[in-house]
Amino acid sequence: MKLTELKYFVLLLLSLSLAFPAESQVNAEQCIIIGRNVLSMDDYMLSIQYFNQAIKAKPYLSDPYFYRGLAKLYLEDYKGAEEDCSLAIERNKFKTESYKVRGFARQFLGKDSLAIEDYDIGLEENPDDKYFLFYKGVAQTEMKRYAGADSTLRHLLRIYPKFEDGITARARLRVLQGDTVRAIDDLTEAISLAPASLNPHLLRAELYSRRKQWGEAIADMDEAIRLQPQETDYYLNRAYLRYNNDDFFGAMADYNYALELHPYNAAALFNRALLRYEVHDLSRSAKDLEEVLKIEPDNFHARYNHALILLEMGQYREALKGFESISRKYPRFYPAYYAMAEAWHKMGDMRMAMTNVHKAEELIKRYVKNPGTFKLDRPSIMAGTSNSKGFDENTSEGGEEDENDLKVMEKFNQLVTVSPSSAPQLSYNEKIKGKVQDRDMSVEPEPSYVLSFYESPRSLQTTSNYFRELDDFNHGGYINAPIRLTPGEQSPETDESAEKIFNSASYYEGVIADGKARPADYLALGVARMMLKDYPAAIDALNKAIEADPRFTVAYMARAFARERDAATREEEPGAESVAAQIRRMEAMKELNQVIADYDMALSLNPRLIYAWFNKGNLYYSLGDYTSAMQCYGEALKIDEEFGPAYFNRGISYLRMGNKKLAFIDLSKAGEEGVIPSYNLLKRMK
């Protein structure tokens, strides 16, 4: 989220307030008022920072927890919203809006029964509350309590007969009860009451497509796209409808535009590949599938089709590699053996061809003889399907298969759709804006902290990047410009700024040449050379700074980062393992050990140097040692339990190790502390 200068000024004030006792410096009520105003302007991340300040000042108040929970709800951090609303209710159990928000969050967490309990509490206070009734009816529908849902929605629509969301919810209930005729009537009524309402268009398009009324379904998707033109999935689903309506060029146009919006959308690439295959555009079809496999290496749906195309293009050996990888994963997927037989036949090896034919036929015979014992492998369909389960190792062992798996043989070469519209999306009372979780962001750890002559404000974090030794150094006036600690390596952005750094380096080299150098001059030269990415020269200067002052904590921090970057530049030559490549790798590993030694030395001089722990954790993360990385991030959080980057990096470390539960806790806390990519990652991992 790009902030205005005014917002940065506000954040500066917030960060300064951290240095003083909260009770004496922060007016909690004023923070709540400002936070509510910011929340109403849809700046959810900044509003959370205000509510954090209010909570620090007066943790016994209910309102800041409630409003922070509401902001998290808008950011789709449902677990965080639930927890904050629970804290609000502990402090004031009579604030019914807290039950509404908590119930709503619990619905998205799949806790429908608990959500209904919250709604019932609210309805005891106000039996005719529109949204308590609406959300309760939807939750009952999700739990298949159709009689209860029908009763709740009847009560709702008796009081609010023109409430379009309630009519849409009743339509979905009727769909689940098998009454699609009355469901379409309901949706038509909802659209007439609110033509700009998205959900009834999506649900009606779904119902029309089931009835193969392609033209009517397309009209509804046209309207959905008009209402939300940046939603990639809608173009994919309209393309599917257009294809079934024999509008090949319209379908292709939708896939092309979807890929303009989202260049790495696997479903769009996969479907476009199949359309290109239909017109025998084999090379471009294969290229699209190759892109899918870069994004989803385990997408056997794409791998199988890619191998079939290579087979048709005469690239038999490459095709065989694809089929063999599938048969290794799914040894009872018989179509792969028939395909391998054809490839061997084309290459003139009849013995291998017949071996694979016999293998396929034997699998089929065994299956026909005893289907329960000799199940055939059915690789799950991936390519962006919303209900794909991925590739479970148990699938090929006769594990329980879902409906999608059972039909995969017939569907293996069909287009896929995404985000089925049969389940209308709930929204909390009003339109949600400013959703940073919807922005495309790369999943990378928050960067290490490095010394620089530049200062770089980053995200919404209110930490001041302070550590005592650097502050003492700058206040000592040893050099002509202060040195800053910044997240991420700072490089000159213009010719003018680059020239300043070069001039600074030349100046300190001159001072050193005159024989008047102090440790501070070597440090300044090292920082300048590091900013110019001349890491060997930076390391040499920092070595001399440390030789002159072995307790120079700031220099150890600078040298550690310079050594890490220098090690990263020691790349191997591609191909064979040459002696030179092995030497470079050994030197890089030796240097990484020296990096850890520098951070350890800095920590021995200042055990509370949070940035040394954090940077050390990042080094372990880059080496794939996630356990050690998490230990380092944990040490950083012992020093400062509000250090958002450590929560974020520990969260993605948990994800790397497959611990989604603990990852979500850390990512939620990181988002609360202003690390914006947290919410995007939370949404993607759900």
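Mentor: What follows covers the salt bridges, then the aromatic rings.

This is a predicted model, in which local features need pLDDT of at least 70 and side-chain atom pairs count only at pLDDT 80 or more, while totals for chains, interfaces and linings use all residues. Residues are numbered from 1 along each chain as its sequence is written, and side-chain values use heavy atoms, with hydrogens and water left out.

The structure holds 43 salt bridges, a salt bridge being a side-chain nitrogen of Lys or Arg within 4 Å of a carboxyl oxygen of Asp or Glu. One of them joins Asp598 to Arg559, with the closest N and O atoms 2.7 Å apart. Asp598 lies in helix α30 (residues 579-605) and Arg559 in helix α29 (residues 553-568), so this pair ties together parts that are 39 residues apart in sequence. Helices here are DSSP runs of H or I with at least four residues, and strands are runs of E with at least two, both numbered from the N terminus. Asp598 counts as buried at 2% relative accessibility, and Arg559 counts as buried at 11%. The classes are buried for under 20% relative accessible area, exposed for over 50% and partly exposed in between, with a 1.4 Å probe and protein chains only.

Another salt bridge links Arg182 and Asp179, whose closest N and O atoms are 2.7 Å apart. Arg182 is partly exposed at 43% relative accessible area, and Asp179 is partly exposed at 24%. Asp281 and Arg284 also form a salt bridge, again with 2.7 Å between the closest N and O atoms; Arg284 is partly exposed at 45%.

Turning to the rings, a search of the whole structure finds 29 aromatic pairs. Rings of Phe, Tyr and Trp (its six-membered ring) pair if their centres lie within 6.5 Å; planes under 30 degrees apart count as stacked, over 60 as edge-to-face and the rest as tilted. Phe248 and Phe249 have ring centres 5.6 Å apart and planes at 90°, so the pair is edge-to-face. Phe248 is partly exposed at 21% relative accessibility, whereas Phe249 is exposed at 69%. One aromatic cluster includes Tyr78, Phe104 and Phe132 among its members. The charged end of Lys100 sits over the ring of Phe132, 4.9 Å from its centre; this requires NZ of Lys or CZ of Arg within 6 Å of the ring centre and within 35 degrees of the ring normal.
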